[in-house]
Amino acid sequence: MKYKRILLKLSGEALMGERQYGIEPKRLAEYADEIKKIHDKGVEIAIVIGGGNIFRGVAGASNGMDRVQGDYMGMLATVINGMALQGALEEAGMQTRLQTALKIEAIAEPYIKRRATRHLEKGRIVIFGAGTGNPYFTTDTAAVLRGIEINADVILKGTRVDGVYTADPEKDVNAIKFDQISFEDVLAKGLNVMDTTAFTLSQENKLPIIVFDMNKDGNLLKVCEGETVGTTVTI
């Protein structure tokens, strides 16, 4: 395997499957199967998942809600998704730990770097919930931050498109895909990989990002084996 320890970033919207909101159990089971393929190969796996299928702080703020309050509600949504994914992973036979940036000790451990690293070394999958624990920061930023803290080899951003394009491929049929692109070129071309804070943090700490289609069977395994199935953002 090319990567020993990964940080997998999933969007909350991905859990909706064919639904308009919420969580689709079938999609959870599919993701658990994909994750098990690399877990069985010995890859150490940490996961950050968004909460957009349940609540978005920015959307709440645009409708008149206090932004800070909305962001905290979004953090709680990521914990709900983390619990759902944890259940699916354990149903598939994997050991997991859910750690949260906000203390919710009845259902999750508080985030402690050394404890998280130890769980990974023991083969447990660690799910990080509640973002960074601070408003105004996205789960993209949380993913990069946690990836740096646990010394992950790479950030794997699982999406519904198969990489980074010159434009949105779902809207522009002439969009061209990049197999590999540098951090500098992403910024120069104004491409949307992650939010600016997360992207800059990844660049400064020389942590590569791979954007790939998580919904295609076997893609996660191929990425971990080093195959080019998405777009690698290189240092």
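Contact here means heavy atoms within 4.5 Å. With that in hand, open the predicted model, where local features need pLDDT of at least 70, side-chain atom pairs count only at pLDDT 80 or more, and totals for chains, interfaces and linings use all residues. Residues are numbered from 1 along each chain as its sequence is written, and side-chain values use heavy atoms, with hydrogens and water left out.

**Stop 1: Lys 9**

Select Lys 9, which lies in strand S1. Helices (H or I, at least four residues) and strands (E, at least two) are DSSP runs, numbered from the N terminus. Lys 9 has a relative accessible area of 5%, so it is buried. The scale is as follows: buried means under 20% relative accessible area, exposed over 50%, and partly exposed in between, using a 1.4 Å probe and protein chains only.

Which residues does Lys 9 touch, not counting residues up to four places away in sequence? Show Val 48, Gly 50, Thr 139, Asp 140, Ala 143, Leu 156, Lys 157 and Gly 158.

**Stop 2**

Asp 71 or Tyr 136: which is buried and which is exposed? Asp 71, in helix H3 (residues 67–91), counts as buried at 11% relative accessibility. Tyr 136 counts as exposed at 53%, and its place is the loop between strand S5 (125–129) and helix H5 (139–149). Leaving aside neighbours within four places in sequence, Tyr 136 is in contact with Arg 67, Val 68 and Asp 71. Check the backbone as well: phi of Tyr 136 is near 75 degrees, a positive value in a residue other than glycine.

**Stop 2: the nonpolar cores**

Now select Ile 6, Leu 8, Ile 35, Ile 47, Leu 89, Leu 156 and Leu 220, the residues with the most contacts inside the largest nonpolar core, which has 33 residues. Such a core is a set of buried Ala, Val, Leu, Ile, Met, Phe, Trp, Tyr and Cys residues joined through side-chain atoms within 4.5 Å. Helix H1 gives the largest share of this core, five residues. Apart from it lies another core, of 27 residues, among them Leu 7, Val 48, Leu 120 and Ala 143.

Centre on Ile 47: beyond four places in sequence, the residues it touches include Leu 7, Ile 35, Leu 89 and Phe 128.

**Stop 3: the aromatic pairs**

The structure holds two aromatic pairs. Rings of Phe, Tyr and Trp (its six-membered ring) pair if their centres lie within 6.5 Å; planes under 30 degrees apart count as stacked, over 60 as edge-to-face and the rest as tilted.

Select Tyr 111 and Phe 128, an edge-to-face pair with 5.4 Å centre to centre and 85 degrees between the planes. Both residues are buried. The second pair, Phe 183 and Phe 199, is tilted, at 4.8 Å and 50 degrees. Phe 183 lies in helix H6 and Phe 199 in helix H7, so this pair ties together parts 16 residues apart in sequence.

**Last stop: Lys 206**

Finish in the loop between H7 and S10, where Lys 206 lies. Lys 206 is exposed, with a relative accessible area of 57%, and has a positive phi of about 55 degrees although it is not a glycine.
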